[in-house]
Every structure is written in structure tokens, then in C-alpha cells.
Amino acid sequence: MAFASPKITALAVEATEYPDLARKYRVTGVPKSVVNDKVEIMGALPQDLFVEQALSALDPADA
Amino acid sequence: MALLSPADQDKLREAFAEMTAPVKIVFFTQTLGCDTCLQTRQIIDELPALSDRVTIEEVNLVLDADKARAFAVDRVPALAIVGVDAEGVDHDSRIRFVGTPAGYEFISLVQAVLLVGGRESILTPENRAKIAAVADPITIQVYTTPT
């Protein structure tokens, strides 16, 4: 997704090396994705769902 | 000693052979207080040996703080995957790896290098259009473990 938009940054974070981040984002299982510190996506989703949920971080209703 | 088996090296060499553009792995490190930086360097050092399109640039988080800031990197080890165009100009893919890229993360790293190196995206045209229309910044953190 980052490669497809200059607005998007994607980080793959190794959870065991950064327990502070894992704690902050309540990572209890992997993969877990956190979008704009707001939307949490558990597990690996089908592409359509993942894109939809990730982009929902910009929804004003969620702000 | 090589970390990858000869069979894995062959597979990667084959995959990298399909790259159409050079890719630079920017490796953020620091000399002191980084337990996993050396291991990370050893892992990524395997890649340029398998393709002349893959290079590594080392950036010291302390000594090259400005550069690290430009990539918004504040932890080490970290990697940024950067495409290089025909004119030799860098294009940051904004794909980052934070922590040691071992286990499954290594596969993800290889996939990222291939994508930035010209391989077709797995995104559907519909999703690509949605993503291209994004007007505000989005940061996606994906937490993983090596196993």
C-alpha cells in the first residue's frame, strides 16, 4: 500500500524486540496492524477487507 | 559463513533476476547499545551477493541523525527500502522494517525488495485506485514475530 501511495508509510515491526511498542499497541497476537494509532486490525485479512479497514482510519466519523 | 542455504540462495537469485530496477536497502544502525544491529547487517549482507541490483547503504542513527530523521527512523536496527530510477535518483518506497528481519520478516523483506524492484503489485486495480486517492497521511504498523 505504501508503494501505491505517497501518503502511506508501512512499517513492519518486530514485536519481541520492541516490547514497549508491543505493550503500547496491546499486541497480544501477530500479525496485528495499527493504522494511524487508531484502527486495529487483528490477523491477516483478505486484501479487500484489509484495504477497507486501513483506509477507514481517515474516516471523519472515527476521529 | 552464509546464513542462507545454497538452495535458498539459488531461489532468491532467480527471484531477483526478474527485477527491472535497482533497489537500495538503507540500513539504520548505531555502534553502541544495539544488540541486534550486527545480526541484521549479517542478514541483509546476504542479498547484494545474489543480485547486482540490490545495494546497501548504512546510516548511523547517531552520526547521521539528519538522514535518519528524513526517513522518520528513530529506532535501530531499521531498514528503509528505496527504489533507484534510471537517472540514479532515490525514491523512498516508505516501506520500513523495524527490528531484525529474521524468519518470516526475511520473506517480507525479500517481497518488498522485489516490489520496489519492479515486480507487479498484488493489489487489485480497484484497491490500487482507492489507495491512490488517499489524500491524508496514513501510517500502517504491522506487528510480527520471527516465527
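**Exercise 1. How many helices and strands does the secondary structure of chain A come to?**

The model is predicted, so local features are taken at pLDDT of at least 70 and side-chain atom pairs only at pLDDT 80 or more, whereas totals for chains, interfaces and linings use all residues. Residues are numbered from 1 along each chain as its sequence is written, while chains are lettered from A and ligands numbered from 1 in the order in which they are written.

Step 1. Helices (H or I, at least four residues) and strands (E, at least two) are read as DSSP runs and numbered from the N terminus.
Step 2. On that basis chain A has two helices and three strands, and from the N terminus on its elements run β-α-β-β-α.
Step 3. The C-alpha atoms of chain A fill a box of roughly 30 × 25 × 20 Å along the principal axes.

**Exercise 2. Find the order of the strands in the open sheet and identify its edges.**

Step 1. Two strands count as paired if DSSP finds at least two bridges between them.
Step 2. Eight strands then form an open sheet with mixed pairing, in the order 3(A)-2(A)-5(B)-1(A)-4(B)-3(B)-1(B)-2(B).
Step 3. The edge strands, each of which pairs on one side only, are strand 3 (39-42) of chain A and strand 2 (54-60) of chain B.
Step 4. With axes as lines fitted to C-alpha atoms (for helices over the stretch in contact) and angles running from 0 to 180 degrees between N-to-C directions, neighbouring strands are turned by 20 degrees against each other on average, direction ignored.

**Exercise 3. Trace the pairings that involve the strands of chain A.**

Step 1. Strand 1 of chain A runs parallel to strand 5 (residues 138-144) of chain B, to which seven bridges join it; here A:Thr9 stands opposite B:Thr139 and A:Ala12 opposite B:Val142.
Step 2. Strand 1 of chain A is also joined by four bridges to strand 4 (residues 90-98) of chain B, again in parallel, and in that strand B:Val98 is the bridge partner of A:Val13.
Step 3. Strand 2 of chain A pairs with strand 5 of chain B in the antiparallel sense over four bridges, A:Lys32 standing opposite B:Tyr143.
Step 4. Strand 2 and strand 3 of chain A run antiparallel, joined by four bridges, and form a hairpin with three residues between them, in whose turn A:Asn36 has a positive phi of about 50 degrees.

**Exercise 4. Describe the side of chain A that touches chain B.**

Step 1. With contact defined as C-beta atoms, placed from the backbone, within 7 Å, 34 residues of chain A are in contact with 33 residues of chain B.
Step 2. Strand 1 (8-14), strand 2 (32-35) and helix 2 (47-55) of chain A each supply at least two residues of this side, and the largest share, seven residues, comes from strand 1.
Step 3. Ala, Val, Leu, Ile, Met, Phe, Trp, Tyr, Cys and Pro count as nonpolar, Asp, Glu, Lys and Arg as charged, and the others, Gly among them, as polar; this side of chain A divides into 23 nonpolar, six polar and five charged residues.

**Exercise 5. How many residues of strand 5 of chain B are buried?**

Step 1. A residue is buried if 20 or more other C-beta atoms, placed from the backbone, lie within 10 Å of its own, exposed if 12 or fewer do, and partly exposed in between.
Step 2. By this criterion strand 5 of chain B is mostly covered, six of its seven residues being buried, while of the 63 residues of chain A, 33% count as buried.

Technical notes
Contact = placed C-beta atoms within 7 Å.
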